[in-house]
Amino acid sequence: MRLSPISLTAKLVLAAGLALLASGQMTDASAQEKKKPSPADIEKHKTTPSERYQPSLDILKDKAGEEAAAKPGVPRLTAAEFGRANQIYFERCAGCHGVLRKGATGKALTTDLTKKLGFEYLRDFITYGSPAGMPNWGTSGDLKTEEVELMAKYLLNEPAQPPEFGMPEIKASWKVLVPVDKRPTRKMNSLDIDNLFSVTLRDSGEVALIDGASKKIVVIIKTGYAVHISRLSASGRYLYAIGRDAKISLIDLWMQTPAAVAEIKVGSEARSVETSKMKGFEDKYAIAGSYWPPQYVIMDGSTLEPIKVVSTRGMIYDTQEYHPEPRVASIVASHYQPEFIVNVKETGQILLVNYADVKNLKVTAIEAERFLHDGGFDKTGRYFLVAANARHKVAIVDTKEGKLVGVVESGGQTPHPGRGANFDHPKYGPVWATSHLGDETVSFIGTDPVKNKQNAWKVVQKVKGQGGGSLFIKSHPSSKNIYIDTPLNPEAEISSSVAVFSIADLTQDKPKYKVLPIGQWSGIAQGQRRVVQGEFNKAGDEIWFSVWNSKAQESAIVVVDDKTLKLKAVIKDPKLITPTGKFNVYNTRKDVY
Ligand code: DHE
């Protein structure tokens, strides 16, 4: 095997080959010889934020390495090398190519395919990336030459299969810290619970509960690793925070000082948690979905006792081919039926999981679109809109009828709405909005099939925001504005500010936005100061943004007056480490956004 650096001609040939490989059109590695790309093709190799914004499997990466058995034609790796390669693979590659390397947004990398491509081809592919979405890990400096070579060798070896995590493991992790009969029977504190914010302190694995009025930290509670989101029970009493290690912490907001009363691990890697919201089932059940193993778990809402584990392995909705690891992305709870809406990424199925009779679980599988990620309800709470992000589409479900309404092009590259934003458009009536990771487009989709039928389920307008790299868009029924963050934009000025459109201005052809320099307002001079995820208070008269720096640097939360668009407050505290998501209790439990 030759390990010499490749020549420029080889790089050009490679670029064409890479594009074809990534687009799935090339079946034979020798096909790369056939087409020479232009220098413009090479230029396209720059990695964009959406390509980097892929799941890193933080827990699986720590799996110990095993020495690979010697096989003819397969480079041997020591246990240490295998462990290191596993770590890189789960941090950087598995999000697109899958834990088992069977392919997801990225191509399959099973050994029957990688062996045909060979070491040099794999090494160069990893080094230069492809215009179709593979990051240029080598030339960007993210991976050193030795690491690129290690990964090429690793891909010629069989993948490491992480362990399953079924009911015995889930049960073994379950702890009730305060039994239900030892908990308060009424609210024991003077907190205005509905205006509390649960703030994700990502890298310290904690949530901070912050009082909406005084902006003081009430308490900081230890949660799972790289904690991700918080959700509320229908009554608002219980808060559920989920870590990337699939650990759920159940926090009782009625205690004198809110604290964790139960915890459980529902898998090895997870992102989503939700609670039953249907009338008659308030606070009864919780559900969590995992990335690994691919499954969801229904639990008792007040103790987290696991009741049922359901695998999401199965057929891709359109090709009807088996997928071994379809990850569970967003989960929301219907207000019209006793159902959880579970979005399965790789199979593109939206599952309506009816919890009225958990023993005889009824699941409606809706054919939607692959790569479902995040989404939210329209303003009536009846329709659920979810981004199929790598397909640049939005799928819409009528949760009352339990049916797909349609799948529409989002109008931009890689929609990423968070839960989206609802408002009454001056021209088109009620709309739901999404921004995009891949470009500056902000799209408005009509959501009223009765009074504004001609606009329903269509992108009625697209406006241009500050740039790509947007993750979250936000408005509130009392607000006259729409706020768009851009934390993953490569320009520091754009990633540290937000764009605001006035809803009234949307009648114009090219409405202008105002830029709020949130990073600058925070008074923090160091770091990237990524400004992420606006969240309104209960009254809807102020919006909070996180100024997200690295763990060792100062971060903050900046509060903006929604009417004047002026700075209202800056929340700073040495304990406010890497704040990202913020979940206002009232807005989260009532799905107000
Ligand atoms: Fe998230 C929501 C997955 C990285 C902050 N994120 C979601 C949801 C999913 C998801 C499936 C929807 C949950 C739901 O509604 O039930 N997030 C992922 C990933 O796979 C990804 C891309 C990479 C990873 O390895 O985790 C990822 N997410 C991030 C971040 O880096 C963010 C910006 C910072 C952080 O805290 O980790 C981040 N994600 C958030 C937030 C929400 C979210 C704040 C909820 C937004 C809301 O308004 O509901």
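This report describes the ligand site and some salt bridges of a predicted model.

Residues are numbered from 1 along each chain as its sequence is written, and side-chain values use heavy atoms, with hydrogens and water left out. In this predicted model, local features need pLDDT of at least 70 and side-chain atom pairs count only at pLDDT 80 or more, while totals for chains, interfaces and linings use all residues.

**The ligand**

The ligand contains an iron atom, and its single donor from the protein is His228, through NE2, 2.2 Å away. Donors here are N, O and S atoms within 2.8 Å of the metal (3.2 Å for Na, K and Ca); water is not among the atoms, so sites may look incomplete. Histidine 228 sits in the loop between strand E4 (217-222) and strand E5 (229-232). Strands (E, at least two residues) are DSSP runs, numbered from the N terminus.

There are 24 residues around the ligand, and those that come nearest are His228, Arg271, Tyr291, Arg419 and Thr580. A residue is near a molecule if one of its heavy atoms lies within 4 Å of it. E5, strand E9 (269-275), strand E15 (328-333) and strand E35 (579-584) each give at least two residues to this shell. By type, the shell has 10 nonpolar, nine polar and five charged residues.

In the side chain of arginine 231, an N or O atom is 2.7 Å from an oxygen atom of the ligand. For arginine 244, a polar side-chain atom lies 2.8 Å from a ligand oxygen.

**Salt bridges**

Side chains of opposite charge can pair when their charged atoms come close. A salt bridge is a side-chain nitrogen of Lys or Arg within 4 Å of a carboxyl oxygen of Asp or Glu. The whole structure holds 26 salt bridges, including those in the table.

| Pair | N to O distance |
|---|---|
| Arginine 419 and glutamate 535 | 3.4 Å |
| Lysine 464 and glutamate 440 | 3.9 Å |
| Aspartate 573 and lysine 575 | 3.5 Å |

Arginine 419 and glutamate 535 are both buried. Buried means under 20% relative accessible area, exposed over 50%, and partly exposed in between (1.4 Å probe, protein chains only). Lysine 464 is exposed, because its relative accessible area is 58%. In the remaining pair of the table, aspartate 573 is partly exposed because its relative accessible area is 24%, and lysine 575 is partly exposed at 46%.

Key:
Helices (H or I, at least four residues) and strands (E, at least two) are DSSP runs, numbered from the N terminus. A polar contact is a pair of N or O atoms within 3.5 Å; within protein, one must be able to donate a hydrogen and the other to accept it, and residues adjacent in sequence count only if both atoms are side-chain atoms. Ala, Val, Leu, Ile, Met, Phe, Trp, Tyr, Cys and Pro count as nonpolar, Asp, Glu, Lys and Arg as charged, and the others, Gly among them, as polar.
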